[in-house]
Amino acid sequence: MLNKIWQFLKRLIQRLLGSTPPPPPPPAPRPTLTDAEYESKFMEILEGVNAGWSRGDVAGFLIAKRLRDGELAAWLRRFGTGLFEGEHDDTAAADAVASLQELARRLGLLGRIGSGELSQVAGDIGRKILRRFPLPVVEDDGGYGNVIEAVFAGDGLGVSGDGNRGGVEGESDESKKV
C-alpha cells in the first residue's frame with residue numbers, strides 16, 4: 001500500500017516538474033526451446049493422452065509448461081517431416097514398425113481430443129504413419145472383444161515353469177518324497 005502511494009507521489013512530482021519517467025524496459029524475449037526439449041514435452045503430452053487426459057488436461061499442461069499450442073504444433077510439423085524424409089524402406093524392422101504404429105496410435109488419440117492446432121497436426125501425422133505402415137488386420141471375434149490367451153500352471157497361483165508343475169507353490173522337493 002505504501003509502495004503505491006509512493007509511486008503516485010513520485011509521478012505527481014514528475015508531472016509538476018515536467019520530466020517524464022523513462023519508458024519501461026521491453027519484456028525479455030521468451031527463450032525458444034531446443035528440439036530435444038520440445039520432444040520431451042510432447043512425449044509427456046502423449047503419455048498423458050494415453051493415460052486418459054482430456055482437452056482440459058492438455059491445455060493445463062501447456063499452460064503449466066508455458067508452451068504455446070502454435071509453437072509446439074510448428075515443432076511437430078518439423079518432426080513429422082523428418083519422419084518421412086529420405087528413402088526409408090517400407091520393410092523396416094518389425095520393432096521399428098511397431099514403435100511407429102504405437103506413436104501413430106497416440107498421435108491419433110491426441111488428434112481426437114481436438115485441443116487446437118496441435119491436435120490437428122498430431123492427427124494428420126498419425127494418419128500418414130498408418131497409411132505407410134498399416135496395423136495388422138484382426139480377425140472378427142464375433143463381438144466378444146479382444147481375447148487374451150493365457151497358460152495357467154497347476155492351480156493358477158504359480159508361475160509357469162518346471163519348478164511349479166507338480167504341486168503347490170512353495171512345496172519343496174523334500175515334502176514331495178514323503
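**Note on the α4/α6 packing**

1. Helix α4 (residues 69-84) packs with helix α6 (residues 117-132) at an angle of about 15°, the axes lying 8 Å apart. That angle makes α4 roughly parallel to α6 (angles under 35 degrees count as roughly parallel). Axes are lines fitted to C-alpha atoms over the stretch in contact, and angles run from 0 to 180 degrees between N-to-C directions.

2. The model is predicted: local features need pLDDT of at least 70, side-chain atom pairs count only at pLDDT 80 or more, and totals for chains, interfaces and linings use all residues. Numbering starts from 1 along each chain as its sequence is written, and side-chain values use heavy atoms, without hydrogens and water.

3. On the α4 side, the residues that meet α6 are D69, G70, L72, A73, L76, R77, G80, L83 and F84; their partners in α6 are E117, L118, V121, A122, I125, K128, I129 and R132. Contact means heavy atoms within 4.5 Å. By class, this contact of α4 with α6 has ten nonpolar, two polar and five charged residues (Gly counts as polar; Asp, Glu, Lys and Arg as charged; Ala, Val, Leu, Ile, Met, Phe, Trp, Tyr, Cys and Pro as nonpolar).

4. S119 also belongs to helix α6. S119 is buried, with a relative accessible area of 1% (buried means under 20%, with a 1.4 Å probe and protein chains only). Leaving out residues up to four places away in sequence, S119 touches L110, G111 and G114.

5. The protein chain has seven helices and zero strands (helices are DSSP runs of H or I, at least four residues; strands are runs of E, at least two). Of its 178 residues, 21% count as buried.

Terms used
Parallel < 35°, antiparallel > 145°, perpendicular 65-115°, else oblique. Buried < 20%, exposed > 50% of the residue type's maximum accessible area, 1.4 Å probe, protein only.
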